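Open your viewer and get the selection tool ready. We will go from the whole chain to a couple of local stops.

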Amino acid sequence: MAPDPWLSTYDSTCHIAQEIAEKIQQRNQCERNGESTTKLTVAIRALLQNLKEKITLLKELLLRAVSTHQITQLEGDRRQNLLDDLVTRERLLQASYKNEGTEPDLIRSSLMTRTTNRIVSNPWFFEEPEETRGLGFDDLRQQQQKIIQEQDAGLDALSSIISRQKQMGQEIGNELDEQNEIIDDLANLVENTDERLCNQTRQVKMVDKKSSSCGMMMVIVLLLIAIVVVAVWPTS
């Protein structure tokens, strides 16, 4: 796998800054000893220009990586902190270069850093986050890939949950459609029943009316028969 261009550029930029601090120290020592500092001054000026260009490149690479989601937000913040440190160190080195014959407190206090077994020269020391301290490029890349994999796993789980909720919503929608069909069928049944009930009511009224008319006719017929019988019945 190809190395991360930002991490590679950051590492080379740190080496340039360290080299500048060492040369500033050498120049100041030569000044105190009355020796010529012309070559050192020219070299420091060129290294400072290179350092400035490297920092500009780091800013562009970081912006591109964050905007295209090549790295996580957490990794982007970590790199931004490292870049801010670089900008601060570059500003201090520029001030130290212009203020000939003096050394900034940052460089002077960090010239000698003690390890467990020996004292090592570290003229450009900066505090790196605890979680990445001592990690190489491969370790940082593996850490970044692990974070990305964890985020991908979280996104997969979220996608699965959303898919299940979508399926549940579709099932609920289908159930509602079936219930609406049942309600429509019941409404049609009630409407047909009401129509039949109205028809039966009209028929009952017609039968009742006819029955009343027939009863009246029977009464009239019986009365006529009685009159006829009385009329023709002989008197004694």
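The tour below starts with the overall layout and then moves to single residues.

This is a predicted model, in which local features need pLDDT of at least 70 and side-chain atom pairs count only at pLDDT 80 or more, while totals for chains, interfaces and linings use all residues. Residues are numbered from 1 along each chain as its sequence is written, and side-chain values use heavy atoms, with hydrogens and water left out.

Start with a cartoon view of the chain. Helices (H or I, at least four residues) and strands (E, at least two) are DSSP runs, numbered from the N terminus.

The chain exposes about 17000 Å², with 58% of it supplied by carbon and sulfur atoms; areas come from the Shrake-Rupley method with a 1.4 Å probe, and for residues only the protein chains shown count as cover. Of the 236 residues, 25% are buried.

Now select aspartate 4, in the segment before helix H1 (5–33). Is aspartate 4 buried or exposed? It counts as buried because its relative accessibility is 15%, and buried means under 20% relative accessible area, exposed over 50%, partly exposed in between (1.4 Å probe, protein chains only). Show its surroundings too: beyond its neighbours within four places in sequence, aspartate 4 is in contact (heavy atoms within 4.5 Å) with Arg79, Arg141 and Gln144.

Finish on helix H5 (residues 137–232) by picking isoleucine 220. This residue is partly exposed, at a relative accessible area of 39%.
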